[in-house]
Amino acid sequence: MEMMNSFTGHVLVPLFILLTLASGYCAQDDSKITKEDVLNAIPWFRADPLSDKGRTAAAIVVRYVDKSHDVTVKIGKKTLPTMEAKGLSERERLALLSAFVIGNADSQLLRGKKGDDSYAGDLELIETYRYLQRRNPKLKVPEIERLIDLEKSGQLKKYVSSP
C-alpha cells in the first residue's frame with residue numbers, strides 16, 4: 001500500500017504525526033532539501049535524537065524521504081514493532097520511528113541505490129533505543145529487545161527480509 005511518495009507500509013497514523021511534527025521543525029522548503037542536507041543532518045540526530053537539533057534533523061530526513069524519489073522506506077509491524085509497544089512516551093516513540101527512517105534512508109543514500117533497507121533502519125532503531133535507555137535506565141521494550149536478540153544471533157537481517 002503506497003502511503004506517501006517514498007513511504008510504504010502499515011503505520012499511517014504515527015507516520016502522519018511524525019510528518020506533522022516534522023513540518024513544524026523543518027522550515028526549509030521541501031523541494032530544496034538535498035541529499036547533502038540529509039547526510040549532514042543525520043549526525044545531529046545520532047548525537048541527541050531528543051534535542052531540538054536532533055528533532056530538526058529527523059524532520060529534514062523525513063520530509064526528504066516523503067518528497068524524494070531517491071529513497072523508499074517500507075514501514076510495517078515486523079520491522080518497526082515499536083508503534084504499539086507499551087511504556088514509550090510519544091516523544092520516544094517518534095524518536096524510534098525517526099531512527100528507523102533515518103537508518104534506512106542513510107543506507108540507500110550512501111550506497112547510491114534506491115531500495116528499502118529495513119535492516120539498516122532497525123540497526124539505527126536499536127542504537128536510538130540504547131541512547132534512550134542511557135537517559136532512562138528503566139526503559140525496556142520487549143519488541144526492541146527481540147530485535148537486539150535477533151541481531152546478536154546474526155538473524156536480524158534474515159528476519160526483516162523474510163515475508
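**Group meeting: core and contacts of a predicted model**

In this predicted model, the charged end of lysine 78 sits over the ring of tyrosine 159, 4.7 Å from its centre; the criterion is NZ of Lys or CZ of Arg within 6 Å of the ring centre and within 35 degrees of the ring normal. Local features need pLDDT of at least 70 and side-chain atom pairs count only at pLDDT 80 or more, while totals for chains, interfaces and linings use all residues. Residues are numbered from 1 along each chain as its sequence is written, and side-chain values use heavy atoms, with hydrogens and water left out.

I turn to the core. The largest nonpolar core has 43 residues, of which Val38, Val61 and Val101 touch the most other members. Such a core is a set of buried Ala, Val, Leu, Ile, Met, Phe, Trp, Tyr and Cys residues joined through side-chain atoms within 4.5 Å, where buried means under 20% relative accessible area with a 1.4 Å probe, protein chains only. Its largest share, nine residues, comes from α4; helices here are DSSP runs of H or I, at least four residues, numbered from the N terminus.

In α2, the buried residues are Val38, Ala41, Ile42 and Phe45. Their cover includes α3, α4 and α5, contact being heavy atoms within 4.5 Å.

Finally, leucine 50 lies in the loop between α2 (35-47) and α3 (52-67). Why does leucine 50 count as buried? Because its relative accessibility is 10%. Beyond neighbours within four places in sequence, leucine 50 is in contact with Arg55, Arg91, Ala95, Tyr131, Leu132 and Arg135. The C-alpha atoms of leucine 50 and leucine 132 are 8.8 Å apart, across 82 residues of chain.

Conventions. Helix = DSSP H or I, 4+ residues; strand = E, 2+ residues; numbered from the N terminus. Buried < 20%, exposed > 50% of the residue type's maximum accessible area, 1.4 Å probe, protein only.
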